[in-house]
Amino acid sequence: NESLTPLNNSKNTANSGNIDLSTTTTYFTAGGTTTLQDGVEGQIKVLTQTASASMVVTVANYGWATGAGTITLAAKGASCTLQYTNGHWYCIGNNGCTFA
């Protein structure tokens with residue numbers, strides 16, 4: 001279905017730089033650090049670790065109550081779903097990620 005194509009795309013982010021906001025899913029194939037910048041209202045973003053490594057994502061505007069604004073995907077299979085609402089990223093699903 002061509003109308004769903006923009007919603008069903010993913011991109012590998014190895015281990016540095018900003019996460020691509022033009023894709024729904026970002027998967028990591030290594031450990032390291034990366035940054036999630038502001039999205040657009042209602043945007044959904046899925047982050048997934050596919051390697052046996054630890055990826056730390058610094059979130060520009062995070063919606064969880066306290067902490068440094070990081071998400072750690074520390075093991076293969078760790079993933080989370082985020083939604084950008086009212087100027088912040090909020091976790092709406094989590095499988096093994098640590099939020100700080």
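1. Tyr-62, Trp-64 and Phe-99 are linked into a cluster by ring pairs, where rings of Phe, Tyr and Trp (its six-membered ring) pair if their centres lie within 6.5 Å, and where planes under 30 degrees apart count as stacked, over 60 as edge-to-face and the rest as tilted. This is a predicted model, in which local features need pLDDT of at least 70 and side-chain atom pairs count only at pLDDT 80 or more, while totals for chains, interfaces and linings use all residues. Residues are numbered from 1 along each chain as its sequence is written, and side-chain values use heavy atoms, with hydrogens and water left out.

2. By the ring rule, the count comes to three aromatic pairs. In one of them, the ring centres of Trp-64 and Phe-99 are 4.9 Å apart and the planes stand at 80°, so this pair is edge-to-face. Because Trp-64 lies in the loop between strand S5 (55-59) and strand S6 (70-73), and Phe-99 in strand S9 (residues 98-99), the pair ties together parts that are 35 residues apart in sequence. Trp-64 is buried, with a relative accessible area of 14%, whereas Phe-99, at 24% relative accessibility, counts as partly exposed; buried here means under 20% relative accessible area, exposed over 50%, and partly exposed in between (1.4 Å probe, protein chains only).

3. Tyr-84 and Trp-89 also form an edge-to-face aromatic pair, with 5.1 Å from centre to centre and 65° between the planes. Both Tyr-84 and Trp-89 are buried.

4. Strand S7 (residues 79-85) and S8 run antiparallel and are joined by seven bridges, given that two strands pair if DSSP finds at least two bridges between them. Leu-82 has Cys-91 in S8 as its bridge partner. S7 and S8 form a hairpin with two residues between them, and Asn-86 in the turn has a positive phi of about 50°.

5. Ile-92 has its place in strand S8 (residues 88-95).

6. Of the 100 residues, 30% count as buried.

Notes:
Helices (H or I, at least four residues) and strands (E, at least two) are DSSP runs, numbered from the N terminus.
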